[in-house]
Amino acid sequence: MTALPAAILFDLDETILSFGSRRQILQEVIEQFPDAFAGVDPAAASQEMETAFRAFWGDETRHAIWRQNLAAGRVLAVQEGFARLAARAPGLTDDFAQQFGTRFHHYREDQARFFPGALETLEALHQAGVRLALVTNGAAEPQRAKVDRFDLARRFHHVQIEGEAGFGKPKPQAYLHAMTALGVEAHQTWMVGDNLEWEVAAPQRLGIFSIWHDHLGEGLPPGSPVRPDRIIRAIAELKPRP
């Protein structure tokens, strides 16, 4: 499928906006608290924390609950990471998890940047006549703040935030509502994002052509039943050629 579609639905976080390497950010925050992590190599500690974060956010039930309160969810993920390190770093208490999680949350949010070529790709698609929708999960206030901070509203024909709309991915209503707003049908639409369930499997069930943004370059998980219609490493791969 090489011709441009009538419309594209884009995810926001880790699709249009990059927040950098979570493991690296965890390590940088760990290095801010040398006494609490005394005796534990920061690189090894950050890898244990990253493993805990992946397990926490990989649980669809917990993800569905805590994506509406990302800061609190990150504190819980930190607590699970600390539990993995408890035998080596007894100072990693639940009270400190609150402090660490809050510091990590703000530090990571501050790292938000456009992926290389993402802004130019959006502008080129817009100029090519493709109808564009931003379809993002999460709470209304922080997600709207990112839309405003990066001046995204004028770059999309429709902006849809879970916390404002009252529904989000992977509910069929999220995709159907966005397509209705754009005046298109599923066979005319692409969905682009980094989450294999939200941006690939769920929209595919509606007949949407689904593109997985594998920005980490890790490839599909072993045995993954989800098969994207296309895999890209960078949003710039979608930029129309002159």
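Visitor: Which residues of helix α1 are buried?
Guide: Helix α1 spans residues 22-30, helices (H or I, at least four residues) and strands (E, at least two) being DSSP runs numbered from the N terminus. This is a predicted model, where local features need pLDDT of at least 70, side-chain atom pairs count only at pLDDT 80 or more, and totals for chains, interfaces and linings use all residues. Residues are numbered from 1 along each chain as its sequence is written, and side-chain values use heavy atoms, without hydrogens and water. Buried (under 20% relative accessible area; 1.4 Å probe, protein chains only) applies in α1 to R22, I25, L26, Q27, V29 and I30.

Visitor: What do the buried residues of α1 pack against?
Guide: Packing here is contact, meaning heavy atoms within 4.5 Å. The partners of these residues are α2 (42-58) and α5 (94-110).

Visitor: How far from D214 is the nearest side chain of opposite charge?
Guide: D214 sits in the loop between β7 and β8 (230-232). Buried D214 has no salt bridge, which would need a side-chain nitrogen of Lys or Arg within 4 Å of a carboxyl oxygen of Asp or Glu. With Lys and Arg counted as positive, Asp and Glu as negative, and His and the chain ends left out, the nearest opposite charge is R233, at 5.0 Å.

Conventions: Buried < 20%, exposed > 50% of the residue type's maximum accessible area, 1.4 Å probe, protein only.
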